[in-house]
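Here is a short report on one protein chain. It starts with the whole fold and then turns to two residues.

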Amino acid sequence: MKNNTKNIDLTRGNFPTRLRELREEHHLSQSDLAEKTGLTYRTIHDIEKGKRARVQEKTLMLIAGALGMTLEELLNGEITHQPRGGTT
């Protein structure tokens, strides 16, 4: 099984806005998306508000799955991987 503990840098691009738009296109509230992913409302809220600079890849994989897309489609080539536990 693939290890999905990479950190994904959310500070590049406009991921918070993209996530909100995708969520709204699927007619989901932040609470709905949290429930579908198994994540907390606060996690979804903080990502959309740009309060999280990095998240684990597995978090974004859960969001992508809930929106019926691949991780690559969700990221849309705008986000970069960061070494686990490190900063650049």
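## Overall fold

Of the 88 residues in the protein chain, 43% count as buried. The model is predicted. The chain holds five helices and three strands. Along the sequence, these elements run β-α-α-α-β-α-α-β.

Of the contacts in the chain with a separation of 6 or more, 70% link residues 24 or more positions apart. The chain exposes about 5,300 Å². Carbon and sulfur atoms supply 46% of that area.

## Two residues

The table sets out where each residue sits and its relative accessible area.

| Residue | Element | Relative accessible area |
|---|---|---|
| Thr43 | helix H3 (residues 41-48) | 11% |
| Gln56 | strand S2 (residues 54-56) | 33% |

Thr43 counts as buried because its relative accessibility of 11% is under 20%. Its side chain makes a polar contact of 2.9 Å with the side chain of Thr40. Beyond its neighbours within four places in sequence, Thr43 is in contact with Arg52 and Thr59.

Gln56 is partly exposed: its relative accessible area of 33% falls between the 20% and 50% limits. What does Gln56 touch, not counting residues up to four places away in sequence? Gln56 touches Lys6, Asn7 and Ile8. Lys6 lies 50 residues from Gln56 along the chain. Still, the C-alpha atoms of Gln56 and Lys6 are separated by 5.6 Å.

Definitions and conventions
Residues numbered from 1 in each chain as written. Predicted model: local features only at pLDDT ≥ 70, side-chain atom pairs only at ≥ 80, totals over all residues. Heavy atoms only, no water. Helix = DSSP H or I, 4+ residues; strand = E, 2+ residues; numbered from the N terminus. Buried < 20%, exposed > 50% of the residue type's maximum accessible area, 1.4 Å probe, protein only. Contact = heavy atoms within 4.5 Å. Areas by Shrake-Rupley, 256 points an atom, 1.4 Å probe, with all protein chains shown as cover. Polar contact = N/O pair within 3.5 Å; in protein donor to acceptor, adjacent residues only side chain to side chain.
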